[in-house]
Amino acid sequence: MKRRDFFKSAFAMGAGLVGASALRPLYASQDLEEFRGPKVPDIDAVKVTEHCYMIPAMGPHPTPDNFGMFSNPGFVVTDAGVVVVDTGSSVQIGEMVLRQIKKVTDKPVVKLINTHFHGDHWLGNHAFVEANPDVEIYAHQLCIDNLKSGQDKFWFDFMQSNTNNKITGTVITLPNKTFAGGEEFEVGGVKFRIHHFGQMHTVSDLAVEVVTDKLVYTGDMVMRRVANMEDGSYRGTIDGLSKMAEMDIKHFVPMHGKADDVSLINEGIEFMETIYTSVEELYDEGLSDFEMKPIIMDKPFMKDVASKWPGYDSALGKFIVVAIKEVEKAMFS
Ligand SMILES: [Zn+2]
């Protein structure tokens, strides 16, 4: 498919052009350049294992200064092409990721996997389709369903407002293939396995295991960061992470923060358990969320470990509110 046709079909499918870019047709390339936000500076990829790389975020939250580059896109280099796990928050970030891949290999990107529907994991898809119109874009069906029912534009607008419109020019480009979890496949001699553990960080999370390298890209199912639990489940996360901890894996690569061994997973479990079990107890005692907060902050794991994570002060209260809702739902269902 030619670039011109791609943009036409993006219109036809209602995938949509939003924000400032909707003012004019985008399939003429001059117009496209006029309406583009600035280029994102190069960040060298970090090699984690023989085939697996990640590009570290510029900060824990999206800002105009970091161009919305607040997650770690990953990529896997094989003899038959590159598999990319999460594409960043904009076409500009996607292009920057492509430039880093070119420093490592001449092979084309053949597959993208979007770990879930939050915008920092898929808005960069646009750049990869421009580079290779035949690239396959995989996500869980529930990721696609959420995007189609409004999360696409929500996340485009969220990134625009948090970056002072630096993602302008990004065309919403949805996944076109699905993984349900359980798939195993090989690309250029590298073996992959896809996991879906039910609702964890969202209902749509995929973990990408690179079996050959004993590595898992964990999406946002675990991170040493307190950010967004609104779409998540505590009990689902504890269950899913417990399964991950049992896997024969040496490297876990979160999409926020640094890669680590199973200690990353175990800290994730302890964080979720500390909040959820405390909220269960305190809810029984009739405490409100703001009464629970100082008691939870006083738990040893929170004082010694979690309080050092980005977002702890600003987002812990929201995490407690989500936990209360989940406790109530479990009681009345
Ligand atoms: Zn997320």
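A: Phe67 counts as buried, with a relative accessibility of 13%; buried means under 20% relative accessible area, exposed over 50%, and partly exposed in between, with a 1.4 Å probe and protein chains only. The model is predicted, so that local features need pLDDT of at least 70 and side-chain atom pairs count only at pLDDT 80 or more, while totals for chains, interfaces and linings use all residues. Residues are numbered from 1 along each chain as its sequence is written, and side-chain values use heavy atoms, with hydrogens and water left out.

Phe67 belongs to the loop between strand 2 and strand 3. Helices (H or I, at least four residues) and strands (E, at least two) are DSSP runs, numbered from the N terminus. The phi angle of Phe67 is positive, near 60 degrees, in a residue other than glycine. Most residues other than glycine have a negative phi. Lys214 also has a positive phi, of about 50 degrees, and is not a glycine. Lys214 lies in the loop between strand 10 and strand 11 and is partly exposed, with a relative accessible area of 28%.

Two strands pair if DSSP finds at least two bridges between them. Strands of a sheet pair through backbone hydrogen bonds, either parallel or antiparallel. Within this sheet, strand 5 and strand 6 (residues 136-139) are parallel and share three bridges. Leu112 has Ile137 of strand 6 as its bridge partner.

Gln100 is part of helix 3 (residues 91-104) and is buried, with a relative accessible area of 1%. Leaving aside residues up to four places away in sequence, Gln100 touches Asp42, Ile43, Asp44, Ala45 and Ile55, where contact means heavy atoms within 4.5 Å. Gln100 and Ala45 are 55 residues apart in sequence, yet 6.2 Å apart in space from C-alpha to C-alpha. The side chain of Gln100 also makes a polar contact with the side chain of Lys103, at 2.8 Å. A polar contact is a pair of N or O atoms within 3.5 Å; within protein, one must be able to donate a hydrogen and the other to accept it, and residues adjacent in sequence count only if both atoms are side-chain atoms.

Strand 9 (residues 190-195) and strand 10 (residues 207-210) run antiparallel and are joined by four bridges. Arg193 stands opposite Glu209 in strand 10.

The zinc ion is coordinated at 2.2 Å by His116 (NE2), His118 (ND1), His201 (NE2) and Asp220 (OD). His116 lies in the loop between strand 5 (109-113) and helix 4 (125-131), and Asp220 in the loop between strand 11 (215-217) and helix 6 (234-245), 104 residues apart, so that the pair links distant parts of the chain. Donors are N, O and S atoms within 2.8 Å of the metal (3.2 Å for Na, K and Ca); water is not among the atoms, so sites may look incomplete. His116 is buried, with a relative accessible area of 0%, and Asp220 is buried as well, at 5%.

For the chain as a whole, there are 10 helices and 12 strands. Buried residues make up 53% of its 333 residues.
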